[in-house]
Amino acid sequence: LITESIRHADFVLDIHSCSSDVGSFALPSSLDLGELLAEHLPVKYVIESLVHACLDGGTTLDAALWNDVPGVCVECGQHTHKDVGKCFAQIILRYIVSSWFSNSSSLCLQC
């Protein structure tokens, strides 16, 4: 179901929180639009190329790449951190504003 949705999306934004106490970071796909958006997200770090370390695939960004759909996976920090919800909201807002300017019409959002 997710792969089918991604196949029809213009962009994939995959947002998470994690168990480790880390700063927020973005993992863009190798497609130009993914890297461009990641550079403008309110995160502490943008980590390039690491998203493709999954040898067997299976991630949302693997499915996006197989279908030539740009995307970004974002980790918003530790699950229980007081600012994780604020980070989620800022990421989504930044994506919405960016998509208005780029005329993207379809979104696959997985939280």
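Setting aside its neighbours within four places in sequence, Ala26 is in contact with Ala38, Leu41, Val43, Tyr45, Val46, Ile47, Val72, Cys73 and Val74. In this predicted model, Ala26 belongs to strand β2, which covers residues 25–28. Its relative accessible area is 0%, and because the limit for a buried residue is under 20%, Ala26 counts as buried. Pro42 lies 16 residues from Ala26 in sequence, and the C-alpha to C-alpha distance between Ala26 and Pro42 is 9.3 Å.

**Overall architecture**

The protein contains 4 helices and 5 strands. Read from the N terminus, these elements follow the order α-β-β-α-β-α-β-α-β. Of the 111 residues in the protein, 38% are buried. Among contacts in the protein with a separation of 6 or more, 72% are between residues 24 or more positions apart.

| Residue pair | Separation along the chain | C-alpha distance |
|---|---|---|
| Ser24 and Tyr45 | 21 residues | 6.6 Å |
| Val12 and Val69 | 57 residues | 7.1 Å |
| Ile2 and Thr60 | 58 residues | 7.8 Å |

Ser24 is found in the loop between β1 (11–18) and β2. Val12 is part of strand β1, and with a relative accessibility of 2% it counts as buried. Ile2 is in helix α1, which spans residues 2–7. The relative accessible area of Ile2 is 43%, so Ile2 is classed as partly exposed.

**The largest pocket and Ser24**

The largest pocket has a volume of about 230 Å³. It is lined by 15 residues, and those closest to its centre are Ser24, Lys44, Cys76, His81 and Asp83. By class, this lining comprises 5 nonpolar, 6 polar and 4 charged residues. Both β4 (71–78) and α4 (84–102) supply at least two residues of the lining. The largest share comes from α4, with 4 residues.

Although it is among the residues closest to the centre of the largest pocket, Ser24 counts as buried, at 10% relative accessibility. Neighbours within four places in sequence left aside, Ser24 is in contact with Pro42, Val43, Lys44, Tyr45, Glu75, Cys76, Gly77 and Cys87.

**Cysteines**

A disulfide is a covalent bond between the sulfur atoms of two cysteines. A search of the whole structure finds 0 disulfides. Cys18 is in no disulfide, since its nearest cysteine sulfur, that of Cys76, is 9.1 Å away, whereas a disulfide requires sulfur atoms within 2.5 Å. Cys73 is likewise in no disulfide; its nearest cysteine sulfur is that of Cys76, at 9.4 Å.

Both Cys18 and Cys73 fall in the buried class. The relative accessible area is 16% for Cys18 and 11% for Cys73.

**A backbone feature at Asp68**

Asp68 has a positive phi of about 55°, although it is not a glycine. Asp68 is located in the loop between α3 (60–66) and β4. With the limit for exposed residues set at over 50%, Asp68 counts as exposed because its relative accessibility is 63%.

Notes
Residues numbered from 1 in each chain as written. Predicted model: local features only at pLDDT ≥ 70, side-chain atom pairs only at ≥ 80, totals over all residues. Heavy atoms only, no water. 1 Å grid on protein atoms, 1.4 Å probe; cavity = no way out; pocket = protein on both sides within 12 Å on 5 of 7 lines; lining within 4 Å. Points joined across faces, edges and corners; volume = space filled by probe spheres on them. Nonpolar A, V, L, I, M, F, W, Y, C, P; charged D, E, K, R; others polar. Buried < 20%, exposed > 50% of the residue type's maximum accessible area, 1.4 Å probe, protein only. Contact = heavy atoms within 4.5 Å.
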